[in-house]
Amino acid sequence: MTAACHRLCAVVRHIVLANHSRSKCPARHIPTVLVSNMRVADLIKKKGSSVVTLPSSASVAELLETLDDNKIGAVVVLDGDRVVGIASERDVVHHLRGGADPARTLEQVMTREVQTCTPEDDVVDLARTMTEGRFRHLPVVGDEGLQGIVSIGDVVKARLDALEAERDHLESYLRQ
């Protein structure tokens with residue numbers, strides 16, 4: 001979506017909400033997408049909570065096999081129930097480019113400082129965090145431990161779906 005389109009959506013949102021606040025219409029006419037924020041928990045409900053994991057003792061060769069078999073870009077590294085790292089395609093490329101042995105363990109190649117999110121986090125804020133930090137995958141960790149994983153593709157899809165729904169609501173609202 002272009003910057004001009006984002007500005008147009010913001011202007012339309014402002015006009016709709018400003019006009020609604022001055023009108024006497026019932027609250028059910030407010031486009032619900034405009035006043036609600038999608039949370040990570042909503043995203044996980046839609047996509048599922050399945051997470052591919054490996055222990056830190058797994059080899060880089062096992063990681064490659066797991067990534068390929070599951071058609072994914074990263075696995076969460078768990079020791080017991082504790083998230084101790086994340087191993088991504090980038091980690092493998094960096095590791096192999098240095099001429100290292102694929103028999104090495106994930107503990108030696110994984111990203112140890114794992115950025116995570118919670119089910120309560122806002123998807124728009126999550127998109128900002130992922131973009132600024134250049135993260136493509138974030139484990140979702142809540143009170144019960146690892147609850148899912150969110151990719152940048154999941155976030156983009158959720159935002160596109162929300163924008164389509166917002167557009168549909170606005171079109172419906174304007175036809176009334």
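**View 1. His95 sits in helix α5 (residues 89-97).** Helices (H or I, at least four residues) and strands (E, at least two) are DSSP runs, numbered from the N terminus. The model is predicted: local features need pLDDT of at least 70, side-chain atom pairs count only at pLDDT 80 or more, and totals for chains, interfaces and linings use all residues. Residues are numbered from 1 along each chain as its sequence is written, and side-chain values use heavy atoms, with hydrogens and water left out. His95 is buried, at a relative accessible area of 8%. Buried means under 20% relative accessible area, exposed over 50%, partly exposed in between (1.4 Å probe, protein chains only). Beyond its neighbours within four places in sequence, His95 contacts Val60, Ala100, Asp101, Arg104 and Val109. Contact means heavy atoms within 4.5 Å.

**View 2. Helix α4 (residues 60-70) packs with α5.** Their axes come within 11 Å and cross at roughly 140°. That makes α4 oblique to α5. Axes are lines fitted to C-alpha atoms, for helices over the stretch in contact; angles run from 0 to 180 degrees between N-to-C directions. Angles under 35 degrees count as roughly parallel, over 145 as roughly antiparallel, 65 to 115 as roughly perpendicular and the rest as oblique. The α4/α5 crossing is left-handed, meaning that the near helix is turned anticlockwise from the far one by less than a right angle. Val60, Leu63, Leu64 and Leu67 of α4 meet Glu89, Val92, His95 and Leu96 of α5. By class, the α4/α5 contact has 6 nonpolar, 1 polar and 1 charged residues. Ala, Val, Leu, Ile, Met, Phe, Trp, Tyr, Cys and Pro count as nonpolar, Asp, Glu, Lys and Arg as charged, and the others, Gly among them, as polar.

**View 3. Three strands form an open sheet in the order β1-β2-β3.** Its pairing is mixed. Two strands pair if DSSP finds at least two bridges between them. The edge strands are β1 and β3 (82-88), each pairing on one side only. Strand β2 (residues 74-79) runs antiparallel to β3, joined by 6 bridges. Leu78 has Val83 in β3 as its bridge partner. Helix α4 lies across β1, β2 and β3, at about 130° to β2.

**View 4. Strands β4 and β5 form a hairpin.** Between them lie 2 residues. Strand β4 (residues 137-142) and strand β5 (residues 145-151) run antiparallel, with 6 bridges. His137 is bridged to Ser151 in β5.

**View 5. Val51 lies in the loop between α3 (40-47) and β1 (53-54).** Setting aside residues up to four places away in sequence, Val51 touches Val76, Leu146, Gly148 and Ile149. Val51 and Val140 are 89 residues apart in sequence, yet 9.7 Å apart in space, C-alpha to C-alpha.

**View 6. Helix α7 (residues 123-133) crosses helix α8 (residues 152-175) at roughly 140°.** Their axes come within 10 Å. That makes α7 oblique to α8. The crossing of α7 past α8 is left-handed. Val123, Val124, Leu126, Ala127 and Met130 in α7 meet Ile152, Val155, Ala158 and Arg159 in α8. The α7/α8 contact has 8 nonpolar, no polar and 1 charged residues.

**View 7. The protein chain has 8 helices and 5 strands.** From the N terminus, the elements run α-α-α-β-α-β-β-α-α-α-β-β-α. Of the 176 residues, 33% are buried. Among contacts with a separation of 6 or more, 58% join residues 24 or more positions apart.
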